[in-house]
Amino acid sequence: MLELAPLLVSALILGLLGGGHCLGMCGGLMGALTLAIPAEQRARRFRLLLAYNLGRILSYTTAGVLIGLAGWAVASSPAAMVLRVIAALLLIAMGLYLAGWWSGLTRIEGLGRHLWRHLQPIATRLMPVSSLSRALLLGAIWGWLPCGLVYSTLLWAASQGSALDSGLLMLAFGLGTWPVLLATGLAAERLTALLRKRGVRMAGGLLVILFGLWTLPGPHQHWLMGH
């Protein structure tokens with residue numbers, strides 16, 4: 001678990017700094033959920049938003065476990081090295097995206113559009129959300145929304161060769177996205193403003209790029225671990 005800790009921190013940073021992208025992808029739904037509840041029922045509104053986000057994070061974790069099984073299946077084959085290299089390159093791409101230096105990562109979102117065409121009608125039928133169970137189910141469905149950041153994190157998680165480790169990485173990533181999507185009012189504005197500061201995004205992006213370089217197989221790993 002100690003060896004996994006730096007990766008969990010990296011996944012948390014990915015989710016937190018990628019919250020701006022998540023806000024663009026899921027912000028409309030969050031707004032619809034909020035407006036569907038009367039203003040005087042603030043406590044109920046918070047519970048529904050909490051259930052929605054819980055469902056979304058559970059979907060990320062489930063996807064992590066499933067793709068982790070695939071990574072485990074090839075862990076002892078030459079394909080494992082190829083998967084690790086691809087995951088490292090995607091991790092570097094995520095760092096470039098978070099730092100605002102390159103946005104090519106978003107092109108991966110096209111891979112999930114076919115699946116989403118089948119899920120979107122189900123999500124639409126759950127609106128407006130009137131119960132915690134509907135909010136939880138809607139969040140679970142919305143967790144499969146095409147997202148380059150999520151897909152790249154999934155492939156990186158798969159390179160760990162363990163269903164448990166992959167699930168934990170996706171759980172950490174999901175928890176990282178939670179503050180921006182769950183926060184409301186002035187707190188959300190302050191948090192979003194902080195995460196959009198160039199210095200914060202560059203620092204986070206550089207840290208993720210460093211993890212990407214560390215993931216790449218080679219003798220440089222020992223040097224990076226020593227520094």
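Mentor: Welcome! Let's start with residues 81–103 of this predicted model: their end C-alpha atoms are 26 Å apart, and the span is 83% helix and 0% strand.

Trainee: Where does UniProt place the feature "transmembrane region"?

Mentor: The UniProt entry, which is unreviewed, puts that feature at residues 12–37, 57–75, 81–103, 135–156, 168–188 and 200–217. For residues 200–217, the end C-alpha atoms lie 28 Å apart, with 89% helix and 0% strand.

Trainee: Thanks! How many aromatic pairs does the structure hold, and how do I read one?

Mentor: In general, a pair of aromatic rings is described by the distance of the centres and the angle of the planes. Here there is 1 aromatic pair. The ring centres of Tyr60 and Phe173 are 5.8 Å apart and the planes stand at 55°, so this pair is tilted.

Trainee: Which helices do Tyr60 and Phe173 lie in?

Mentor: Tyr60 belongs to helix α3 (residues 42–73) and Phe173 to helix α8 (residues 163–182), so the pair ties together parts 113 residues apart in sequence.

Trainee: Is Tyr60 buried or exposed, and what about Phe173?

Mentor: Buried means under 20% relative accessible area. Tyr60 has 5% and is buried; Phe173, with 0%, is buried too.

Trainee: And on the surface, which residues form a nonpolar patch?

Mentor: Val65, Leu66, Leu69, Leu115 and Trp144 do, with about 420 Å² of accessible area together. Helix α3 gives the most to this patch, with 3 residues.

Trainee: Where is the place of Trp144?

Mentor: Look in the loop between α6 (132–142) and α7 (148–158). Trp144 counts as partly exposed, at 31% relative accessibility.

Technical notes:
Residues numbered from 1 in each chain as written. Predicted model: local features only at pLDDT ≥ 70, side-chain atom pairs only at ≥ 80, totals over all residues. Heavy atoms only, no water. Phe/Tyr/Trp six-rings, centres within 6.5 Å; stacked < 30°, edge-to-face > 60°. Helix = DSSP H or I, 4+ residues; strand = E, 2+ residues; numbered from the N terminus. Buried < 20%, exposed > 50% of the residue type's maximum accessible area, 1.4 Å probe, protein only. UniProt positions renumbered as here; feature names shortened; annotations may be inferred. Patch = residues over 30% accessible without salt bridge, like charges linked within 9 Å, V, L, I, M, F, W, Y side chains within 5 Å. Areas by Shrake-Rupley, 256 points an atom, 1.4 Å probe, with all protein chains shown as cover. Salt bridge = Lys/Arg side-chain N within 4 Å of Asp/Glu carboxyl O.
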